[in-house]
Amino acid sequence: MSTLFTPLSIRGTTFSNRIWVSPMCQYMATDGFVGMWHQVHLGAFATGGPGLIMVEATGVVPEGRISIGCPSIEDQAHADAFAPIIEFAHSYGVKVGIQLAHAGRKASTMLPSSDHRIASVDEGGWQAVSSSATAFEGYPVPRELTKQEIAGLVADFATAAQRAVAVGFDVIEIHAAHGYLLHQFYSPIMNQRTDEYGGSFENRTRFLLEVTTAVRAVIGDQTPLFLRISATDWADSGWNPIDSVELCIKLKALGVDLIDVSSGGAIHNAKIEPKPGFQVPFATAIKTEAAILTAAVGMITEAEQAEHIVATGEADAVFLARAMLRNPRWALDAANILDVDVEWPQPLRAGKIVK
Ligand SMILES: Cc1cc2nc3c(=O)[nH]c(=O)nc-3n(C[C@H](O)[C@H](O)[C@H](O)COP(=O)(O)O)c2cc1C
């Protein structure tokens, strides 16, 4: 019996297994629209047997995109561009989620081909905003958001979530990790505000809790709500795993169903030593101490490793990123390795190893 291949039900959605594709920026959108690249890229995962594909960080407003090549869900036309991808994945029994994001002070970059340098206004760039007028290393100084703008962004997250559900996404994930806008508020090393959105733990987490409340209110009872956090800033005086547990208890009370547990992104010189499964202990601590479902991510690459994580209850599911880029059919391979008989899409069946 494989736990990895045991279905998981959350609210009205059942994931066929616990192998999930982690959100991955592609820098291939045009004016915020996903297109042919995304159809093929995400379509490959859809035929590869995961339980869920999480679409990359998608701006709730155009200025929330990381780069000029990132997608947004700023209006109906942008939302509609995801429809064929969702329909295709559903035809193979794979659920699709969207990671709703605002990049804050890390926004407005060029593409990887231009080394992610800051985009000028002529190149399609814009003035970045943040909790405070303090820059991420190598980036321009952002403008501090006013309280009115914060309220506007809370509404923007909710409207984006509503559009995403209407177009057919099965899961909404709020991106509150990796040094992007929501993290720029809750981390004490990025937030220098002196109003009710800065200072104490309660004040720094206020924006995130407001966004969560607003999103939960519009997506209906049946839609699972996930939230990705950075469980630690890996820095002295930074956000830490104890803060994370305290936050996740509150998030659970507001209707978040699962915490997608990542780390880092607040500062450049963080003391991280990545190794296989290095973030799993954070997922375990949050699962145990906040009594909420968690997914682990980060250097999970082997079938047995993934099986061990879910079978021992270290996390309820695993997200894989780079291993999926190497092999979009990772889940089908994992089934072979773990001796689980899963159905392959008919056109691929010749590749199934019959033991
Ligand atoms: C190409 C690429 C793009 C990524 N884009 C995102 C993103 O849009 N949102 C996000 O939360 N994480 C993003 N990540 C981080 C991954 O989701 C994942 O957390 C990280 O790569 C660690 O998992 P891995 O060791 O399986 O690659 C990205 C990673 C890669 C390699």
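## Basis

Two strands are said to pair if DSSP finds at least two bridges between them. Strands (E, at least two residues) and helices (H or I, at least four) are DSSP runs, numbered from the N terminus. This is a predicted model, in which local features need pLDDT of at least 70 and side-chain atom pairs count only at pLDDT 80 or more, while totals for chains, interfaces and linings use all residues. Residues are numbered from 1 along each chain as its sequence is written.

## Strand β11 and its neighbours

β11 pairs with strand β12 (residues 317-320) in the parallel sense, over three bridges. In β12, V318 stands opposite A296. Between β11 and β12 the chain passes through helix α10 (residues 303-311), a right-handed β-α-β crossover (with the strands pointing away from the viewer, the path from the first strand over the helix to the second runs clockwise).

Strand β10 (residues 258-262) is also a parallel partner of β11, over four bridges. A296 is the bridge partner of V261. The crossover from β10 to β11 runs through helix α9 (residues 280-290) and is right-handed.

## Burial of β11

Five of the five residues of β11 (residues 293-297) are buried, so the strand is largely enclosed by the rest of the structure. Buried means that 20 or more other C-beta atoms, placed from the backbone, lie within 10 Å of the residue's own. L293, A295 and V297 cover one side, T294 and A296 the other.

## Ligand shell

By class, the shell around the ligand has 11 nonpolar residues (Ala, Val, Leu, Ile, Met, Phe, Trp, Tyr, Cys, Pro), three charged (Asp, Glu, Lys, Arg) and six polar (the others, Gly among them). β4 (52-59) and α11 (322-326) each supply at least two residues of this shell.

Technical notes:
Buried ≥ 20, exposed ≤ 12 C-beta atoms within 10 Å, placed from the backbone.
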